[in-house]
Amino acid sequence: MAKDPDWTSKAYDAHASDLKLVGDLWSGVETMQANAASYVQRHEKESIPDWSRRVKLARLYPGLSRAVRGSSDKPFEKNVAVSEDATLGAQVQALLADPCRDGRTLTAFTKEIYQLAARDGVVHVFVDYPRVAAASSETGPTLADAVAQRAHPYCSIVAARDLLRWSTDDAGRP
């Protein structure tokens, strides 16, 4: 595997041009006009000034962003909740109360995932656990240390355009 920071995965490369188009559409008319050479073909006998004028006059209906935002309203009218019958540990309850550790609710978190997946076709959620400092230098961190530091798993949403590559070992572990 290449160690070059500019190296991207085959999966990313296959999706990159689609992500650019969707990102430009999502951003609106100004972005589409700025990238007009990629999207607006010049007619055979059209002069560059005429083509530029046509690009400046072009209007883009924000159908993609309206459709994605509109389709995400209905499923999230009510707050996302876990069944009251579920028996969850304190760490899972903390994760559900604040999945990204930034104050967002579970509903806001899942709605963002839904919108990114609808827009880009894929979205990633990275689940991590903060470092826990050991109370004693004689032992490593304990569960008591984690509880005292209110450590719990947290999630980071990674949009498709932001995950350029990843690698796993033979067992599929990162």
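I started at Arg-104, which counts as partly exposed at 24% relative accessibility (buried is under 20% relative accessible area, exposed over 50%, partly exposed in between, with a 1.4 Å probe and protein chains only). I kept in mind that this is a predicted model, where local features need pLDDT of at least 70, side-chain atom pairs count only at pLDDT 80 or more, and totals for chains, interfaces and linings use all residues. Residues are numbered from 1 along each chain as its sequence is written, and side-chain values use heavy atoms, leaving out hydrogens and water.

Next I looked up the partner of Arg-104: a salt bridge joins it to Asp-102, with the closest N and O atoms 2.9 Å apart (a side-chain nitrogen of Lys or Arg within 4 Å of a carboxyl oxygen of Asp or Glu). Asp-102, Arg-104 and Glu-112 form a linked network of salt bridges.

Then I checked Arg-161, which meets Asp-120 in a salt bridge at 3.6 Å, N to O. Arg-161 lies in the segment after S2 and Asp-120 in helix H7, so this pair ties together parts 41 residues apart in sequence (helices are DSSP runs of H or I, at least four residues, and strands runs of E, at least two, numbered from the N terminus). Asp-120 counts as buried at 4% relative accessibility.

Last, I turned to H5, whose buried residues are Ser-65, Val-68 and Ser-72. Down the axis of H5 they fall within an arc of 70 degrees, so they line one face of the helix (the arc is that of the directions from the helix axis to the C-beta atoms). They pack against H1 and H7 (contact means heavy atoms within 4.5 Å).
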